Amino acid sequence: MSERTASPAETDAPTPADDDPTETDVTSGATSVVRALENAGVETAFGVQGGAIMPIYDALYHSDIRHVTMAHEQGASHAADAYGVVKGDPGVCLATSGPGATNLVTGIADANMDSDAMLALTGQVPSEMVGSDAFQETDTTGVTAPITKHNYFASSSDTVGDVVGEAFALAGEGRPGPTLVDLPKDVSLGETDREPGEARAPATCRPKTDPDSDEVEAAARAIERAEKPLLLFGGGVVKGDATDEARAFATEHQIPVVTTMPGIGTMPEDDALCLSWAGMHGTGYANMAITHTDCLIAVGTRFDDRLTGGIDTFAPEAEVVHIDIDPAEISKNVHADYPVVGDAGRAIEAIDAEMDQTPDAREWREQCLTWKDEYPMDYAAPDDEPLKPQFVVEALDEATPDETVVTSGVGQHQMWAAQYWTFREPRRWVSSHGLGTMGYGLPAAIGARLAADDDETVVCVDGDASFLMTIQELSVAVREDLDITVAILNNEYIGMVRQWQDAFFEGRRMAAGYDWCPQFDKLAEAFGARGWAVDSYEEVPDAIEEALAYDGPSVIDFHVDPAENVYPMVSSGGANGKFALSEDQL
Amino acid sequence: MSNDQGLQGPAPEERPHPDGRRNSQGIRIDPEAEAEHEPRRTVLSAIVEHEPGVLSRVAGLAARRQFNIESLTVGPTTVDGHARITMVVEEPDPGIDQIEKQLAKLKPVISIGELDDDAIRAELVLLKVRGEDPDKVHAVTEMYDGQTLDVGSETITVQLTGDERKIDDAVDAFRRFGIIEIARTGQTALAHGAKKTVPGEEPGTSGEPTTPTTDTQ
């Protein structure tokens, strides 16, 4: 952000539009909105123009904020979400009223489920027309109330800048999440010269960050006496920027670590203590450890059902220490024997300081290593068989630097990417976890690209069905000249559905098979990107090398084995320790 | 890493599995904590910012999280811009804790708490009954300290106030006359004696956040 210069009140002449202004002059509701964004340090926003949001865009015309026009508003919300994940600050998306706003909804719900900080600004019909079923009118605050931390209906040009500032601050406060400000056109157009004040999250939403000492003490005692302690790092460790504290705690006390999917990268996956991620398609060793631990130290996780399987069989022997900044997550799904409400990093440090001894867990660590040997992550890839998707993921990981950002759609390819890519840092695995939104990958890669450093690589591991859902965003990547590589694991199926049909619906593959897909490499070329099609193992390295070397958007269409399934698998509601290694074990 | 066989390891039934388990409320079952919590009826009181849509936010949250709300009343307080919401809920214990915590997260909610058993509770009911026997209606109304609001040739409308049990009893007593219409406000309540119901009504406390306790008893 550039430094603020004089406020409009102090200058005589307004800055001409052709100049290179470093700030927006506040003359209207819309300009105060943009000023609030500038004050918040917003550098990039994603959106789509339209009638009711036009005043805001007009104000952006004078701003240094980079606006990326997306092909569809859903893409804008996913791009903003991913931008926020990689950057660590809330992403911003804009859309007009009615269909613009409703198109944002999937991305807002996605951000809400994954606790991703994001601010959505939506145009609205003029105040006096609200409630009249006016053209492109939707009750946007009504529609988005269940999927936002809070949303606002702006009612005055004088205060709208403050409201936007507060909404931005709230998105990143405590447990992050999406917020939305609905902006009636008359509020945006209305005259005001009022500068937005200092932005803070509302007083009723400020979290307790320092844990209570009695909670810390009880947790410390429980960990000290554990014989089979296990750390479970969730997305809250990432959001709370507590990776350093979390790793230090694990290392100092030599406690094995499993992560949730959003927690991937909080512990380096090649660290001896790291058992990778647990849950439905998590590693066998992570699920064995969860099943047998006597003290589960969970940090920043909401115990999603894809992690726990059946609650009655989840960590059945464990006393649960649950650290979370959101008190409502304590004992929501899994009862916390030792709740610790507070900031993840501070809570971990407080517990560490309180502990007088390290739990004696040598045997347990050896047991965890045994499970690593017993249930290795592996796949059959004979040369005479079709290309295995897991092989592609490993080849991509091999060919890219450690700091690479990986986005994904949702389905089999997502699981293979999460299973076979070795992540070593947080904010590098960017995916749709809670909502499971197919089509997230490509727009997320666009957002991630703009948030990542220029020298960092951004790869989208996508599925054919996921890619088709938001393929239009390729036009944005080309227009903006974004260096991203899309690797499609193309099996011409909605593969996870096909896998479930084979396992649970006696193989009736209803509406799961495409039998035909467009030639994605050709389609990419038509968009103005580069494209490759790969059918065999021999072609994999060259295609990857060329695509990564190309400085712009590239798409590799990997024709992978359509029969390949994702394992291990804990059946829905099943016991983590009873994960199946193949279909006949389900 | 690839090999020719794919995933390896003992089959599910060959793996050791502990005997322990949890109940449906996620509580680890040991001999002392075998029973699941039964639903119980209680009153929650909240001070909220009196802004447009606050009632729909509270009601919407309850609906989408499947919290069972028996009644809900809203009214202004002594502080400008603050309203009090009183809710009667029926849930097993972890659920009541969840309602409190989830509601506390709503931006307009300033404070929320569960009332003790000795809290003062009252509701108001309007009863429109058949007017064939005015003397007897009058006698029953007197018996429940009610007021007659309207007497017509065909109907009599009375007003009664009191706690839930008294109102239930009164409604039963009026059934013999034939109840035509009934309107109940639902319970409203305040803590007993000098005890503060929940923080947030005294001037100057505007916007002070409260964090509910994390124990779930």
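**Figure 1. Gly47(A) and its partner in strand E3 of chain A.** In this predicted model, Gly47(A) has Leu94(A) as its bridge partner in E3(A). Strand E1 (residues 44-47) of chain A and strand E3 (residues 91-95) of chain A run parallel, joined by two bridges. Gly47(A) also stands opposite Thr69(A), a residue of E2(A). There, E1(A) and strand E2 (residues 66-69) of chain A are joined by four bridges and again run parallel. Between these two strands comes helix H2 (residues 54-60) of chain A: E1(A), H2(A) and E2(A) make a right-handed β-α-β unit.

**Figure 2. The six-stranded sheet of chain A.** The strand order is E2-E1-E3-E4-E6-E5 in chain A, the sheet is open, and the pairing is parallel. Which strands stand at the edges? They are E2(A) and strand E5 (150-153) of chain A; each has a single partner strand, so one side of each is left without a neighbour in the sheet. From one strand to the next, the twist averages 20°. Strands of a sheet pair through backbone hydrogen bonds, either parallel or antiparallel. E3(A) and E4(A) pair over five bridges in the parallel sense. Within this pairing, Cys93(A) stands opposite Ala120(A) of E4(A). Helix H4(A) lies across E3, E4 and E6 of chain A. H4(A) runs at about 165° to E4(A).

Figure 3. Helix H1 (residues 29-39) of chain A is mostly covered. How many of its eleven residues are buried? The count is eleven of eleven. The buried residues include the charged side chains Arg35(A) and Glu38(A). Also among them are Val33(A), Val34(A) and Leu37(A). The buried residues of H1(A) pack against several helices: H2(A), helix H6 (160-172) and helix H7 (185-189) of chain A. They also pack against strands E3(A), E4 (118-124) and E6 (178-184) of chain A. Just after the helix, Gly41(A) takes a positive phi of about 85°.

**Figure 4. Domain 1 against domain 3 in chain A.** The domain assignment divides chain A into domain 1 (8-205), domain 2 (213-374) and domain 3 (389-567). The centres of domain 1 and domain 3 of chain A, taken over C-alpha atoms, are 31 Å apart. Across this boundary, 24 residues of domain 1 are in contact with 24 residues of domain 3 of chain A. On the domain 1 side, E1, helix H3 (73-87) and helix H4 (99-113) of chain A each supply at least two residues. Which element gives the most to this side? H3(A) does, with eleven residues. By class, the domain 1 side has twelve nonpolar, eight polar and four charged residues.

**Figure 5. The contact between chain A and chain B.** Here 48 residues of chain A are in contact with 44 residues of chain B. Three elements of chain A each supply at least two residues of the side that touches chain B: helix H11 (284-292), strand E12 (338-341) and strand E13 (379-380). H11(A) gives the most, with three residues. The chain A side divides into 26 nonpolar, 13 polar and nine charged residues.

Figure 6. Chain B has four helices and ten strands. Along the sequence, the pattern is β-β-α-β-β-α-β-β-α-β-β-α-β-β. Of its 217 residues, 29% count as buried. Among contacts in chain B between residues at least 6 apart in sequence, 71% join residues at least 24 apart. The view shows an open sheet of four strands, ordered E3-E4-E2-E5 in chain B, with antiparallel pairing. Strand E3 (69-76) and strand E5 (109-114) of chain B are the edge strands, each pairing on one side only. The twist averages 15° from one strand to the next. Seven bridges join E3(B) to the antiparallel strand E4 (residues 82-91) of chain B. Pro76(B) has Ala83(B) as its bridge partner in E4(B).

**Figure 7. Two helices on the chain B sheet.** Helix H1 (residues 54-64) of chain B packs on the sheet and touches strand E2 (40-49), E3 and E4 of chain B. The direction of H1(B) makes about 165° with that of E3(B). Helix H2 (residues 93-105) of chain B also packs on the sheet, touching E2, E4 and E5 of chain B. The direction of H2(B) makes about 165° with that of E5(B).

Notes: Residues are numbered from 1 along each chain as its sequence is written. Chains are lettered from A and ligands numbered from 1 in the order in which they are written. This is a predicted model: local features need pLDDT of at least 70, side-chain atom pairs count only at pLDDT 80 or more; totals for chains, interfaces and linings use all residues. Two residues are in contact if their C-beta atoms, placed from the backbone, lie within 7 Å. Two strands pair if DSSP finds at least two bridges between them. A crossover is right-handed if, with the strands pointing away from the viewer, the path from the first strand over the helix to the second runs clockwise. Domain bounds come from an automatic or database domain assignment. A residue is buried if 20 or more other C-beta atoms lie within 10 Å of its own, exposed if 12 or fewer, and partly exposed in between; C-beta atoms are placed from the backbone. Axes are lines fitted to C-alpha atoms, for helices over the stretch in contact, and angles run from 0 to 180 degrees between N-to-C directions.
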